[in-house]
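Here are some comments for a colleague who is starting to read this model. Please keep the sequence and the 3D view open while going through the points.

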Amino acid sequence: MVDVTRIVIIGGGPGGYEAALVAAQLGAEVTVVDRDGLGGSAVLTDCVPSKTLIATAEVMTTFDSSYEELGITIADCSQGPSRVLSVDLGKVNRRVKRLAIAQSHDITQSVTRAGVTVLRGKGRLGAGGQHVDGSREVIVEHEDGSAESLRADAVLIATGCHPRELPDAQPDGERILTWTQVYDLEELPRELIVVGSGVTGAEFAGAYQALGSEVTLVSSRDRVLPGEDPDAAEVLEEVFRRRGMNVMSRSRAETVKRISARTDAAEGPSSPEAGEEGRVGDHVEVTLSDGKVIRGTHCLMAVGSIPNTADMGLEEAGVKLNDWGQIQVDRVSRTSAPGVYAAGDCTGVFMLASVAAMQGRIAMYHALGDAVQPLNLKTVASNVFTDPEIATVGYTAADVSCGKMDAVEVKLPLRGNPRAKMQGIRDGFVKLFCRPGTGIVVGGVVVAPRASELIHSISLAVDNNLTVEQVASAFTVYPSVSGSTAEAARQLHIRKREIPDS
């Protein structure tokens with residue numbers, strides 16, 4: 001381990017600030033160059049804000065879907081079976097922003113206490129390339145317009161990404177929105193069109209439906225969440241439709257326009273939204289590739305993201321990018337340029353805060369000569385924060401079907417779980433994958449409320465090469481939803497014996 005090494009980190013998201021903490025602990029002189037505030041988009045505009053919004057939606061959904069079955073009555077409810085609860089979106093969003101800022105402040109305090117220097121500004125690699133002594137130059141453009149040159153023995157790029165925008169669907173921050181702009185809304189969208197059915201689109205569609213919006217989800221694929229377990233996606237889509245969401249499969253949005261119109265004064269107001277002066281309320285129109293037009297009050301664009309790698313001098317410094325502008329890295333976060341590492345969404349490895357943080361830590365362990373274990377994506381646990389949640393770890397059904405992994409599976413519906421019955425949970429399952437013969441657990445899926453908490457036992461099994469027998473023999477609480485994991489392992493113990501090990 002070196003005594004003192006100069007580390008410059010460009011970007012203060014999970015990949016950046018976690019790397020800074022590790023580097024400081026290992027005795028390096030660390031500088032973080034950050035433009036928006038430590039925590040990055042994960043804390044300020046993406047993960048923390050969206051999951052805070054979803055927390056409110058979760059309460060609404062749980063109550064709406066089960067209060068009658070659980071025997072809860074609402075006094076003086078004159079509206080009968082109509083919606084009992086309502087939400088103040090302005091208040092919700094103010095809480096979202098307050099928590100995000102507080103989390104960013106906590107991260108900043110932690111990093112500065114560790115001895116890290118934080119500079120507010122935009123960083124890029126210097127044009128001079130690598131110096132004779134092996135160091136690199138980083139140019140910092142400060143907020144006041146001044147510039148500063150830093151020398152670093154190793155540089156970590158952790159600049160994240162930003163929402164992708166379509167040429168014919170430009171966000172205006174009021175009616176046509178990206179996922180970073182929804183937290184400025186003061187009133188709940190009456191009719192929300194969500195374009196994109198990946199993780200971001202599905203999470204927001206489910207959340208706003210729970211909060212009370214009429215939601216239309218436009219999906220260009222055959223089903224929602226095309227990258228997730230097919231059985232899990234099927235459950236979620238069925239739940240969405242049952243709760244009243246209009247899911248439009250195999251529908252591609254071509255244009256999104258904001259429409260403002262005035263009625264003819266002689267004819268008078270032409271809609272309930274028309275004001276005293278005959279002005280029709282603003283709305284949006286989404287035109288699909290088949291020519292169909294759908295109308296709503298707001299549109300949320302969730303059509304992917306763009307890595308923040310432009311105008312950073314990366315290619316000039318020898319850093320290779322792929323066709324999407326993502327930085328190419330190996331399993332210890334090295335780029336093609338000596339002394340330059342990268343972590344997080346700008347690499348496109350796995351768009352998860354946990355993976356970004358691990359990439360950043362691994363980069364510093366490697367750069368500073370400490371023991372390092374290369375990134376293993378087959379032990380990554382991920383979660384889709386819909387209701388029900390979808391949590392996964394390890395090898396997937398797609399890996400098995402394409403022959404990438406020879407595995408046996410068991411899927412156990414939650415409707416037979418006693419705790420699930422008590423809580424009024426009807427939808428969801430536990431699925432385990434194991435190697436035939438040996439019974440080593442290689443993957444799993446949980447679809448359930450709080451699946452993000454239930455997946456951990458399966459993650460431990462995958463990470464430690466446990467067998468289904470070991471999982472099945474561990475005690476579980478009765479009654480508990482996690483008991484279904486042990487029961488699935490017991491059933492898989494029998495199932496894997498029926499298929500010889502290849």
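Predicted model: local features only at pLDDT ≥ 70, side-chain atom pairs only at ≥ 80, totals over all residues.

**Notes on the model**

1. The unreviewed UniProt entry carries the annotation "domain: Pyridine nucleotide-disulphide oxidoreductase dimerisation", which covers residues 381-488.

2. Please look next at helix H7, which runs over residues 353-367 and has 15 residues. From its first C-alpha to its last, H7 reaches 21 Å, close to the 21 Å expected at 1.5 Å a residue. Just after H7 comes Gly369, which takes a positive phi of about 80°.

3. Which residues of H7 are buried? They are Val355, Ala356, Ala357, Gln359, Gly360, Ile362, Ala363 and Met364. The partners against which the buried residues of H7 pack are strand E1 (6-10), helix H1 (14-25), strand E6 (154-157) and strand E17 (340-342).

4. Thr335 is found in the loop between strand E16 (305-307) and E17, and it counts as buried because its relative accessibility is 11%, where the cut-off for buried is under 20%. A polar atom of the Thr335 side chain lies 3.1 Å from the backbone nitrogen of Ala337, and a polar atom of that side chain lies 2.8 Å from the backbone oxygen of Val340. If residues up to four places away in sequence are not counted, Thr335 touches Val319, Ile327, Gln328, Val329, Val340, Tyr341 and Ala342.

5. Thr31 has its place in strand E2, residues 29-34. Thr31 is buried, since its relative accessible area is 12%. Apart from neighbours within four places in sequence, the residues in contact with Thr31 are Ile7, Val8, Ile9, Thr117, Leu119 and Leu150.

6. With neighbours within four places in sequence left aside, Asp222 is in contact with Ser249 and Arg250. Between Asp222 and Gly40 there are 33 Å in space, C-alpha to C-alpha, and the two are 182 residues apart in sequence.

Conventions
Residues numbered from 1 in each chain as written. Heavy atoms only, no water. Helix = DSSP H or I, 4+ residues; strand = E, 2+ residues; numbered from the N terminus. Expected span 1.5 Å × (residues − 1). Buried < 20%, exposed > 50% of the residue type's maximum accessible area, 1.4 Å probe, protein only. Contact = heavy atoms within 4.5 Å. Polar contact = N/O pair within 3.5 Å; in protein donor to acceptor, adjacent residues only side chain to side chain. UniProt positions renumbered as here; feature names shortened; annotations may be inferred.
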